Amino acid sequence: MSIQVKEIHKQFGEFVALDQVSLDFPTGALTALLGPSGCGKTTLLRVIAGLETADSGRVILEGEDASDTHVRQRRVGFVFQHYALFRHMTVLENVAFGLRVKPRRERPDDAEIRRRVHRLLDLVQLDALAERFPAQLSGGQRQRVALARALAVEPRVLLLDEPFGALDAQVRKELRRWLRRLHDELQVTSIFVTHDQEEALEVADRVVLMNRGRVEQVDTPAEVYEAPATPFVYGFLGAVNVFHGRIEGPHLRVGEATLPHEQTQVIHGAEAVAFSRPHELRIVTDPDTPHGVAAVVERVLIFGADVRVELDSLPGAAVRGEPAHYEVVMPRAQVDALALTRGQRVRLVPSQIRVFPSQAA
Amino acid sequence: MGVATFFNPTRQTRVLPGFGLALGYTLVYLSLVVLIPLSAVFLESATLSGSEFWAIVSSPRVVATYKLSFGASLLAAAINAVFGLMLAWALVRYSFPGKKLIDALVDLPFALPTAVAGIALTALYAGNGWIGSLLAPLGIKVAFTPLGVLVALVFIGVPFVVRTVQPILEDLETELEEAAASLGANRLQTFSKVLLPTLLPALLTGFALAFARAVGEYGSVIFIAGNIPMVSEITPLIIITKLEQYDYAGATAVAVVMLVFSFLMLLAINLLQAWSAKRTGRNR
């Protein structure tokens, strides 16, 4: 079951929530809509579900135009961030709801409904709690009930709006893995909205990155992380170091330092911004090294096999009036060998930088 | 076993202090304000012998007032439950010009002296009043009939249902309705299976309050009722009438019956309310 959206535009007053968004969601895949809050990801999900109407553009489900179909007829399963369980019904009745409201001639008989509900509760590992009320369940259990309820009507697509947003870190992690396994089992085309990049990268087959109502990049988790298409994506996915400077041929000039780059699509003399991941920086303790950017060690955070070193730019070397902060991650043994102390002057040498023209940042 | 251990058998340290003080204060207050005055009614009626008591409270004229008072009060509370819910719904769910004004108007029956309400309603519904003159050709008489009693009781009961349902309705996530719709429920099913059960405890509370108020209502009813014995006489009026004839024992006898009956009905409604609240999982 494929989902396509074409040139969806949605405005709330002056605020443009979705700006001509066109996307293709392949059959059977689990896609994450990822972006900061207010980027339009939830609005897009609600437009696909039919809970919100787009100002213009079309939603195509299974090849047919569903733009004017009511949410009742779209046969989409929707899971809400805050579960939206019916609190006066038991878990069993919650899951059975979608079957019980079917028109009489389509409605399965009571025994069949019970059989199906129990099968679903088995699937979400909650069969033992069928007679409980939602108030008697934990957050993670409630969200699993909500999922079973959405699946009961055999939806053509499953839409999840920040499904783990209201849960604590431990439960989130567990449910993430569980959702991935469930999806592999059911193979139903699914879209889930999240602002948590780790969640998106870990669970999804494909990630759609959104910002200010526009799609920034659509790719596999590995690709969006390794090859971000825009400065926004670079900054949004994981920790990153930013260097503001000016292009000078094959180098980027950052204050007094020059960094070599391999970008060919930037103009000589243009303002540019460069990105480098924490593990792509090397700390050189010899202050006379001609390469790299000068910095001062601020903190050394040791936990586990990797060590995070936080650094500040030198006083006076501030870019645009504000001092820059850097973050370097390296194996513990290397840090021990460097014997860094607080306030020590070092130079940061990137093994790799990606340069974007400045105005796009 | 001391009082403290009686009320607190597990002897756990309570997080909230002042349990004994709060309970004691509550009991004293309730006794002074409610129980002692009410027991005076029972004591006064106890001056009558059993057969005298029975003769007074079961005389046909008095029995007719019970029927009217409790019947009209139940009906008025039921009508208010339906239309109060609609009113609350409109006030919570839609925005329209003059909404704040209407919201304020809802409380007016609370504030208005009941006699004012009675006079206003009588003027409107009498045969020569604005509404009464329109209904008269249809053969409908409102003023000075049991129907008039019902109109007055509906009037004074409006705020109770609206004000109890309104906050619950405001807290109700629209997500519940969206979830029901995405599962294929139509509007009617969403209302009857999702919204109504959620609102039911509040609705029952509003119903009970409107009913209790209607049973005890005197001022607004006597003007429009016409107080025709066996037809449009309410129980509170019988009590007043007996008092005016210095028949204190007789008045309290009728009052006792009314009190016991009202208490039983309110108890039943409260039990129903507790049961439905439990079903919605709010007992935890």
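**A walk through chains B and A**

Start by selecting residues 68-92 of chain B: this span is 100% helix and 0% strand, with its end C-alpha atoms 34 Å apart. Helices (H or I, at least four residues) and strands (E, at least two) are DSSP runs, numbered from the N terminus.

Before going on, note that this is a predicted model, where local features need pLDDT of at least 70, side-chain atom pairs count only at pLDDT 80 or more, and totals for chains, interfaces and linings use all residues. Residues are numbered from 1 along each chain as its sequence is written, while chains are lettered from A and ligands numbered from 1 in the order in which they are written.

Next, select residues 138-162 of chain B, a span with 68% helix and 0% strand. Its end C-alpha atoms lie 32 Å apart.

Now move to chain A and colour domain 1 (3-235) and domain 2 (240-360); these bounds come from an automatic or database domain assignment. Taken over C-alpha atoms, the centres of the two domains of chain A are separated by 40 Å. Four residues from domain 1 and six residues from domain 2 of chain A make the contact (C-beta atoms, placed from the backbone, within 7 Å).

Finally, look for an open sheet of five strands in chain A, in the order 15-19-16-17-18, with antiparallel pairing (two strands pair if DSSP finds at least two bridges between them). Which strands are at the edges? Select strand 15 (281-284) and strand 18 (325-331) of chain A, each pairing on one side only. Strand 17 (residues 306-313) of chain A joins strand 18 of chain A over seven bridges. To end, find A:Asp306, which stands opposite A:Pro331 in strand 18 of chain A.

How values were computed
Contact = placed C-beta atoms within 7 Å.
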